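Have a look at the model first, then go through the points below.

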Amino acid sequence: MENVPEVQVVVTEKHGTEIDARDMKRMGKTQSFQRNFAFCSTLGFSMVLMSSWETQLATATFGLTNGGTAGAIYIYITTFFGFGMAIVSMAEMASMAPTAGGQYHWVSEFAAPSAQRFISYMTGWLCVLGWQAGSAAGCYLAGTEIQALIILNNPTYVPERWHGSLLAIALVCVSLFINTVLAKILPTIQATILVLHVCGFIAILVPLWVLSPHVPADQVFTQFNDGGDWRSMGLATLVGILSPTVSLIGPDAAVHISEEVRNASKTIPRIMLAAAIGNGTFGFVMLVTLCFCIGNLEEVLGTPTGYPFIQVFYNATQSTGGATVMTCIMIILSQFCAVTNMTTASRQLFSFARDRGTPFHTFFRRVVHDIPLNAIITTSVFSILLISISFGSTIAFNQLTALGVVALLASYMISIGSMAWKRIHSQPLLPSHFSLGRWGLPINMAALMFLVLAFVMIFFPPARNPKVESMNWSSVIFGGVVMLSLVYYLRAKEKYVGPVKLVRIEA
């Protein structure tokens, strides 16, 4: 740890502690929000947003197809430790500069001076688009899970694609209501949902272990599968990295509400580490449980609900009522994951607009009653527009929302790479409560190597020689977004100077 004064005195409810006020002054930012998030509510916010065990249930079948049970388990462990390096790297930067801007602000402070403005600008757009896509995806997941529950309980129901889309749009409105009308009690809500996150984990885990028939352990830990016809078990397992990546991504969420957290420079790194370890452990236990209890994979994948985990619940309980209760837990948690996604996306948009990185920046950065109201409404509208694509094609919608994962991975690489550059060139680092010390550069480099691997593998299609409709077009969409950002940068570079220009050397 660096030698940072341990000042804990609260100045005001809005400005937090003296350390918070000092950090905001150094970064040249005005305190716009109430600092009403404490440790438990911030931990709930981060844990629920990541939703690692819930996401494992929803996405593990992709890893089981590409890698099998053994491949899914071992790639999860690899991803957990790889992301661990990235999380501690970002936790250090968050302790140095606890701002809602997150990665693009860190790049502006830590990258090579000649490239700070441009790279920071591109990172800002990646973060904004990544979180906006995540907000839409969260609501769509909860909406289609509700539709799946209707299919389970009503055999005569004829599902239509637009039914799930309308449900998702309704849930966007619910998320908007919570983020605006109930904004003052949002910390209390997050702390409460943290309890459901933990209790729900137990409520689903126990029935699966007690009631499901189990696959032999030697089969679980040694059986690989090449369902994508990659002709290589190693490559098939790497393609399956998408599942654990989606489960473990998002540790930076707490950073984007750091201006609403008391004693942020000390609290945020602890939250990031606690959420990563807690959620990572929950996710691993749930994955192993699913591998033991999944039964016939083809039967599970062919479920009429569209969600294999619901079929697993039904097979375990042999009861529609039991499977319904377990699925309702998933739906509630998915909805509050969408709420936290909207909160994060709106703060990221607000922060980038505050630094004049977006069009209509004066509109997006407006704060009303201690919340970025215009940014929240814009996030809701964008989510509805993105979900509307699913009326015509769920494939196109899934490809666009997959952009969120790719964009966030890119922002992690760029920000950690900037810190590695600073260390390689022996540049002085800012004082912080959480420091990697002499292990900083090795950890930064290990994080970068993992993130590059994950970034490349995310672009792979689910199978070799895919058809047009099953092709992974994320690389094309990502390239298009980068090109559009470059075009806009030519117009915006006179306005966007980067957060580093506001930083005070001494505060």
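Arginine 35 and aspartate 20 are both buried. Keep in mind that this is a predicted model. The two side chains form a salt bridge, with 3.8 Å between the closest N and O atoms. Across the whole structure, a search turns up 8 salt bridges.

**Arginine 35 and aspartate 20**
- Aspartate 20 sits in helix H1 (18–26), while arginine 35 is in the loop between helix H1 and helix H2 (39–50).
- That puts the partners 15 residues apart in the chain.

**Glutamate 92 and arginine 423**
- Glutamate 92 pairs with arginine 423 in a salt bridge, the closest N and O atoms being 2.6 Å apart.
- Glutamate 92 counts as buried because its relative accessibility is 0%, under the 20% cut-off.
- Arginine 423 also counts as buried, at 14% relative accessibility.

**Glutamate 260 and arginine 347**
- Here the N to O distance in the salt bridge is 2.8 Å.
- Glutamate 260 lies in the loop between H11 and helix H12 (264–293), and arginine 347 is 87 residues away in helix H15 (residues 320–354).
- Both glutamate 260 and arginine 347 are buried.

**Serine 243**
- Serine 243 belongs to helix H11 (residues 242–248).
- With a relative accessibility of 4%, serine 243 counts as buried.
- Setting aside neighbours within four places in sequence, serine 243 touches Gln56, Thr59, Ala60 and Gly63.

Terms used: Residues are numbered from 1 along each chain as its sequence is written. This is a predicted model: local features need pLDDT of at least 70, side-chain atom pairs count only at pLDDT 80 or more; totals for chains, interfaces and linings use all residues. Side-chain values use heavy atoms; hydrogens and water are left out. Helices (H or I, at least four residues) and strands (E, at least two) are DSSP runs, numbered from the N terminus. Buried means under 20% relative accessible area, exposed over 50%, partly exposed in between (1.4 Å probe, protein chains only). Contact means heavy atoms within 4.5 Å. A salt bridge is a side-chain nitrogen of Lys or Arg within 4 Å of a carboxyl oxygen of Asp or Glu.
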